[in-house]
Amino acid sequence: MVSYKELGLVNTREMFAKAVAGGYAIPAFNFNNMEQLQAIIQASAETKSPVILQVSKGARNYANQTLLRYMAEGAVEYAKELGWEHPQIVLHLDHGDSFELCKSCVDMGFSSVMIDASSKPYEENIALTKKVVEYAHQFDVTVEAELGVLAGVEDEVSAEESHYTKPEEVIDFATRTGCDSLAISIGTSHGAYKFTPEQCTRDPKTGRLVPPPLAFNVLHEIEKKLPGFPIVLHGSSSVPQEYVDIINEHGGKLPDAVGIPEEQLREASKSAVCKINIDSDSRLAMTAAIRKVFDEKPGEFDPRKYLGPARDEMKKLYMHKIVNVLGSDGKAL
Ligand code: 13P
């Protein structure tokens with residue numbers, strides 16, 4: 001058993017309470033390799049933003065759980081080395097799908113876990129979430145749960161159809177499970193293709209897809225039912241079109257990739273939404289930078305020469321999200 005406290009990590013309780021009260025959101029960035037982690041920590045340290053390092057089941061299998069734990073421990077020390085005196089870093093399991101997986105993460109030094117039983121019938125979702133909460137809370141590990149279904153594909157999570165969270169269920173769910181935060185479905189989805197062209201309109205000038213707006217009415221109803229309760233938005237990449245263009249110009253093929261407009265995420269950050277999940281945007285930044293080097297310098301074969309620019313691009317992206325979208329800069333001095 002390794003406690004996250006020994007690793008210098010924190011759980012989400014205090015940072016969420018401050019974020020809800022302060023009208024900003026904490027970035028939850030997925031990582032599975034060193035360059036992503038370096039970029040996340042550099043951006044967070046430079047902006048003094050609390051940050052959630054997220055690991056999905058797929059990432060855990062890809063990178064190895066022991067290595068990831070040491071990377072998170074290293075991240076805390078690296079942040080201090082960069083001059084961030086009191087780093088507020090969470091190591092979080094993204095989309096845990098079983099009690100055993102959540103338990104194993106709690107036992108291995110994670111400070112927060114998500115149990116995603118949203119695809120199960122309501123009572124089963126409650127029972128499994130409650131079981132995880134009871135275990136995790138013994139070690140002061142916080143638990144995120146989910147109600148409602150997001151469409152899209154992400155590692156091992158996929159759903160053909162989404163349905164919005166039902167506001168009439170949230171009080172019962174939060175009370176009976178004891179979860180610390182709740183992921184809701186209001187129109188976001190995982191991946192770089194969040195909407196089909198049929199769901200969008202097209203900007204006549206640019207020809208780009210314009211997605212339908214998020215269901216802010218559902219969010220506001222949930223906020224009214226659970227005042228001050230931390231709400232989480234998954235699937236919140238904005239799929240920056242400049243990265244899509246670079247990828248497509250350098251041999252890639254991402255036609256009609258579309259995400260959530262950043263103004264809507266900024267608006268959500270000011271509400272009870274206190275955690276915003278971003279994975280695809282970092283993948284796009286990395287891929288765009290690497291494709292560009294491969295295309296422009298076909299003789300290059302030193303990984304540092306393409307992973308370095310990829311890291312710089314991701315850092316730029318993370319800083320932009322922190323400062324201009326979520327407003328979490330300067331909240332972990
Ligand atoms: P994106 O695919 O929009 O980045 O969402 C990531 C996510 O929600 C991780 O759980």
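Reader: How many helices and strands does the chain have?

Author: In this predicted model, the chain has 12 helices and 13 strands.

Reader: What radius of gyration would a compact globule with 333 residues have, and what does the chain have?

Author: For 333 residues a compact globule would come near 20 Å, and the chain has 19 Å, so the two agree. Taken along the principal axes, the C-alpha atoms fill a box of roughly 60 × 45 × 35 Å.

Reader: How are two packed helices described?

Author: Two packed helices are described by the angle between their axes and by the distance between those axes. Here, helix H10 (residues 262–269) and helix H12 (residues 303–326) have axes that come within 9 Å and cross at roughly 65°. Because angles of 65 to 115 degrees count as roughly perpendicular, H10 is roughly perpendicular to H12.

Reader: Which residues make the contact between H10 and H12?

Author: From H10 come Glu262, Leu265, Arg266 and Ser269, while H12 brings His320, Lys321, Asn324, Val325 and Leu326. Sorted by class, this contact of H10 with H12 has three nonpolar, three polar and three charged residues.

Reader: What does a search of the whole structure find in the way of cavities of 30 Å³ or more, and which residues line the largest cavity?

Author: The search finds one cavity of 30 Å³ or more, and about 30 Å³ of space lies in the largest cavity. Its lining consists of Met15, Lys18, Tyr24, Ile26, Pro50, Gln88 and Lys331, which by class are four nonpolar, one polar and two charged residues.

Terms used: Residues are numbered from 1 along each chain as its sequence is written. This is a predicted model: local features need pLDDT of at least 70, side-chain atom pairs count only at pLDDT 80 or more; totals for chains, interfaces and linings use all residues. Side-chain values use heavy atoms; hydrogens and water are left out. On a 1 Å grid over the protein atoms alone, a cavity is a set of points where a 1.4 Å probe fits but cannot get out, and a pocket is an open set with protein on both sides within 12 Å along at least five of seven lines; lining residues have an atom within 4 Å of a point. Grid points are joined across faces, edges and corners, and a volume is the space filled by probe spheres set on the points. Ala, Val, Leu, Ile, Met, Phe, Trp, Tyr, Cys and Pro count as nonpolar, Asp, Glu, Lys and Arg as charged, and the others, Gly among them, as polar. Axes are lines fitted to C-alpha atoms, for helices over the stretch in contact, and angles run from 0 to 180 degrees between N-to-C directions. Helices (H or I, at least four residues) and strands (E, at least two) are DSSP runs, numbered from the N terminus. Angles under 35 degrees count as roughly parallel, over 145 as roughly antiparallel, 65 to 115 as roughly perpendicular and the rest as oblique. Contact means heavy atoms within 4.5 Å. The radius of gyration is taken over C-alpha atoms; the globule rule is 2.2 Å times the number of residues to the power 0.38.
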